[in-house]
Amino acid sequence: MSTATYTVKGMTCGHCVSSVKEEVSEVAGITNVEVDLATGLLTVDSDGPIDPAKIVAAVEEAGYEVANS
């Protein structure tokens, strides 16, 4: 099992959180997605390593941006 954390910019409400969770959870191999609106933190659990570009693409598909770490 693998866990990765990203910072999402642009979320302002519960609907934003739902959109990000929905898109990211569709990435193959993802087992759990947690999004904290207050901090913008996106925590992703997966069966194995996930290409960060896939997570970034899913966040962008939801209409938001991943901050550069």
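Visitor: What is the place of Ser19 in the chain?

Guide: Ser19 lies in helix α1. Helices are DSSP runs of H or I with at least four residues, strands are DSSP runs of E with at least two, and both are numbered from the N terminus. The model is predicted, so local features need pLDDT of at least 70 and side-chain atom pairs count only at pLDDT 80 or more, whereas totals for chains, interfaces and linings use all residues. Residues are numbered from 1 along each chain as its sequence is written, and side-chain values use heavy atoms, with hydrogens and water left out.

Visitor: Why does Ser19 count as buried?

Guide: A residue is buried under 20% relative accessible area, exposed over 50% and partly exposed in between, with a 1.4 Å probe and protein chains only. Ser19 has 16% relative accessibility and therefore counts as buried.

Visitor: Which residues are in contact with Ser19, leaving aside its neighbours within four places in sequence?

Guide: Contact means heavy atoms within 4.5 Å. On that basis Ser19 touches Ala62 and Tyr64.

Visitor: What makes the buried residues of α2 line one face of the helix?

Guide: In helix α2 (residues 52-61) the buried residues are Ile55, Ala58 and Val59. Viewed down the axis of α2, these residues fall within an arc of 100°, so they line one face of the helix. The arc is taken from the directions that run from the helix axis to the C-beta atoms. Their cover includes β1, α1, β2, β3 and β4.

Visitor: How do the four strands form the open sheet, and in what order?

Guide: The order is β2-β3-β1-β4, with antiparallel pairing. β2 (30-36) and β4 (65-66) each have a single partner strand and stand at the edges, so one side of each lacks a neighbour in the sheet. Helix α1 (residues 14-25) packs on the sheet, where it touches β1 (2-9), β2 and β3, and its direction makes about 160° with that of β2. Axes are lines fitted to C-alpha atoms, for helices over the stretch in contact, and angles run from 0 to 180 degrees between N-to-C directions.

Visitor: How do you know that β2 and β3 pair?

Guide: Two strands pair if DSSP finds at least two bridges between them. β2 and β3 (residues 41-46) have six bridges in the antiparallel sense, and therefore meet the criterion. Within this pair, Asn32 stands opposite Asp45, and Val33 opposite Val44. The hairpin of β2 and β3 has four residues between the strands, and Gly40 there takes a positive phi near 80°.

Visitor: What is the sense of the pairing of β1 and β3, and over how many bridges does it run?

Guide: β1 and β3 also pair in the antiparallel sense, over six bridges. Thr43 in β3 is the bridge partner of Thr5.

Visitor: Why is the chain called as compact as a globular protein of its length?

Guide: The chain has two helices and four strands, in the pattern β-α-β-β-α-β along the sequence. Its radius of gyration is 11 Å, close to the 11 Å that the globule rule gives for 69 residues, so the chain is as compact as a globular protein of that length. The radius is taken over C-alpha atoms, and the rule is 2.2 Å times the number of residues to the power 0.38.

Visitor: What share of the residues in the chain is buried?

Guide: Buried residues make up 36% of the 69 residues.
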